[in-house]
Amino acid sequence: MAGRFEPLNRTAVRGGRTDVPPGRGGTAGAGAVQRRWTPDGPVDLGLTLGPLRRGPADPTFRTTPDGSVWRATRTPDGPATLRVSRSGTGTGTEIDAEAWGAGAAWLLDHLPALLGAGDDPAVFVPRHRLVHASHRRRPGLRLTRTGLVLESLIPTVLEQKVTADEAYRAWRRLVRQYGEPAPGPHGLNLHVMPDPRTWAMIPSWDWHRAGVDAKRSDTIVRAVRVANRLEEAAAMDLPEAARRLEAVPGIGPWTSAETLQRSNGHPDAVTTGDLHLPGIIGYALAGDRDADDAAMLELLAPYAGQRHRAARLVLLAGRTPPRRTPRMYRSDIGRL
């Protein structure tokens with residue numbers, strides 16, 4: 001039912017909407033480690049895991065017709081592939097998971113957190129009609145917590161000051177070129193992103209061919225050189241984690257918030273410094289398409305402690321101001 005009432009526009013996609021076909025998963029794959037988990041409430045796999053997808057052709061993320069969500073990642077124990085789906089038996093409230101690779105056990109241990117077990121949507125109280133309607137239509141929205149910082153930080157840096165399509169293209173190219181095939185079934189052509197050392201060794205011309213300017217590539221290289229220190233932020237509270245990330249030159253409040261929303265699952269990690277978000281929030285909640293960060297934060301003040309969730313619900317509603325200017329110019333420095 002999620003998304004039945006609004007068009008699938010870019011704003012809803014940015015809110016973390018990923019459609020997962022109805023289904024109950026398939027049979028266990030060869031060599032997989034398995035786990036069945038029963039959540040304490042409804043979990044919408046598409047809404048919960050959707051923010052981890054970087055574009056429709058993300059080489060680390062897939063959905064399949066049987067209702068499964070596949071994810072390739074690099075854990076502290078090594079590369080791994082995870083498949084999650086609703087159980088094919090009983091009431092269907094159970095979640096079946098299979099994992100492959102050196103990090104399989106780590107992924108299954110962290111499955112509840114990934115599917116929002118540490119999130120408590122019951123404490124959220126809508127204060128606007130639009131937010132109330134969006135919240136009511138999405139009882140399965142949980143905030144994911146991956147516990148992995150770098151895998152969210154790097155694609156977020158790639159998204160700095162460029163269009164989403166440019167950033168997604170760069171992510172696809174770099175992961176496929178420098179990552180490694182994901183363990184487990186190979187029919188999906190999933191890839192695990194490169195390890196920190198490999199990111200640091202990418203030559204300047206390949207960054208250029210991927211359409212990534214020196215400012216963003218330099219930020220990624222600085223970040224991967226202190227990867228272990230940044231990964232520690234996954235266990236910190238929000239202010240301390242943001243300070244840890246923003247100590248790296250090139251990482252500011254926008255990048256840290258977008259990263260910590262995924263790695264830490266914090267419901268109050270609201271994004272500031274965004275080109276479009278204040279206008280979307282301002283228009284949806286107050287009819288103010290020219291709202292700035294200060295006006296957005298004032299509108300979200302009644303949701304203190306839950307501002308990120310409130311912003312996501314606004315984005316998922318898909319209500320955007322009419323366009324007044326052309327779309328942001330899509331450049332490709334790789335063609336220069």
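**Briefing: a sheet, a buried serine and an enclosed cavity**

P239 is a residue of helix α12, which spans residues 238-246, where helices are DSSP runs of H or I with at least four residues, strands are runs of E with at least two, and both are numbered from the N terminus. The model is predicted, so local features need pLDDT of at least 70 and side-chain atom pairs count only at pLDDT 80 or more, while totals for chains, interfaces and linings use all residues. Residues are numbered from 1 along each chain as its sequence is written, and side-chain values use heavy atoms, with hydrogens and water left out.

**P239**
- With a relative accessibility of 49%, P239 counts as partly exposed, a class lying between buried (under 20% relative accessible area) and exposed (over 50%), using a 1.4 Å probe and protein chains only.
- Although P239 and A269 are 30 residues apart in sequence, their C-alpha atoms are 9.3 Å apart in space.

**The sheet**
- Five strands form an open sheet in the order β1-β5-β4-β3-β2 with antiparallel pairing, two strands being paired if DSSP finds at least two bridges between them.
- Because β1 (33-37) and β2 stand at the edges with a single partner strand each, one side of each is left without a neighbour in the sheet.
- Strands β4 (residues 78-86) and β5 (residues 95-100) run antiparallel and are joined by six bridges, and A99 in β5 is the bridge partner of L82.

**S68**
- S68 lies in the loop that runs between β2 (61-63) and β3 (69-75), and with 0% relative accessibility S68 counts as buried.
- The side chain of S68 makes polar contacts with the side chains of R83, at 2.8 Å, and D66, at 2.9 Å; such a contact is a pair of N or O atoms within 3.5 Å, of which, within protein, one must be able to donate a hydrogen and the other to accept it, and residues adjacent in sequence count only if both atoms are side-chain atoms.
- Leaving aside residues up to four places away in sequence, S68 touches G25, R62, T63, R83, V84 and S85, contact meaning heavy atoms within 4.5 Å.

**The largest cavity**
- On a 1 Å grid over the protein atoms alone, a cavity is a set of points where a 1.4 Å probe fits but cannot get out, and lining residues have an atom within 4 Å of a point.
- The largest cavity is lined by 15 residues, of which L52, T60, R71, E151 and W171 lie nearest its centre.
- The largest share of this lining, four residues, comes from β3, and β3 and α6 (150-158) each supply at least two residues of the lining.

Conventions. On a 1 Å grid over the protein atoms alone, a cavity is a set of points where a 1.4 Å probe fits but cannot get out, and a pocket is an open set with protein on both sides within 12 Å along at least five of seven lines; lining residues have an atom within 4 Å of a point.
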